[in-house]
Amino acid sequence: MLGSLALIAYWPTPVDQPVHSQITSILNFLHRHGIPADFTYRFMEASANVALFVPFGLICTFAFPKWPWWGVGASGLLISGCMELGQLLFLYGRFASPTDLATNTAGTVVGAIIAVAVLKRRQLRTARTQTK
């Protein structure tokens, strides 16, 4: 998981750069056909950042089930901060962004909350079968 995140984070140019014009064309088409104008390239990028970190939150929570959801979120913030700092210091074609920190952390928290819900449900099911 971390390898995939590092590959995306430290790619020399933005990973969507080769298809930027196609994405823009698709968004223009969608806007002409009823998709709200608020559904922008920036919105898609932010949503992709959230989605990219949901698995990280899931994996961390399952690996460290005693950590609170906010602790897993803090680990996502730390990983994201390291990625953004690396982009700032070493990659001239990339841009460090506070928005990326926020969306990556949000994705980690979403993943953690989903995993906590799954673990709680599993606990309840186990407790129910043990009392029968």
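Hi everyone! Let's start with helix α4, whose buried residues are Gly71, Val72, Gly73, Ser75, Gly76, Ser80, Met83, Glu84, Gly86 and Gln87. Please keep in mind that this is a predicted model.

So what covers those buried residues of α4? The cover includes α1 (2–9), α3 (41–63) and α5 (98–131). As for its length, α4 runs over residues 69–90, which makes 22 residues. At 1.5 Å a residue we expect a span of 32 Å, and the end C-alpha atoms are 31 Å apart, so the two agree.

Now to α3. Which of its residues are buried? They are Tyr41, Asn49, Phe53, Val54, Phe56, Gly57, Cys60 and Thr61. Among what covers them you'll find α1, α2 (20–32), α4 and α5.

Last comes α5, with 34 residues. From its first C-alpha to its last it reaches 49 Å, close to the 50 Å expected at 1.5 Å a residue. Have a look at its start, where a side-chain oxygen of Ser97 comes to within 3.1 Å of the backbone nitrogen of Thr99. The buried residues of α5 are Asp100, Thr103, Asn104, Thr105, Gly107, Thr108, Val109, Gly111, Ala112 and Ala115. And what covers them? That includes α3 and α4.

To put the picture together: α3 and α5 are part of what covers the buried residues of α4, and α4 in turn is part of the cover for those of α3 and of α5.

How values were computed: Residues numbered from 1 in each chain as written. Predicted model: local features only at pLDDT ≥ 70, side-chain atom pairs only at ≥ 80, totals over all residues. Heavy atoms only, no water. Helix = DSSP H or I, 4+ residues; strand = E, 2+ residues; numbered from the N terminus. Expected span 1.5 Å × (residues − 1). Buried < 20%, exposed > 50% of the residue type's maximum accessible area, 1.4 Å probe, protein only. Contact = heavy atoms within 4.5 Å. Polar contact = N/O pair within 3.5 Å; in protein donor to acceptor, adjacent residues only side chain to side chain.
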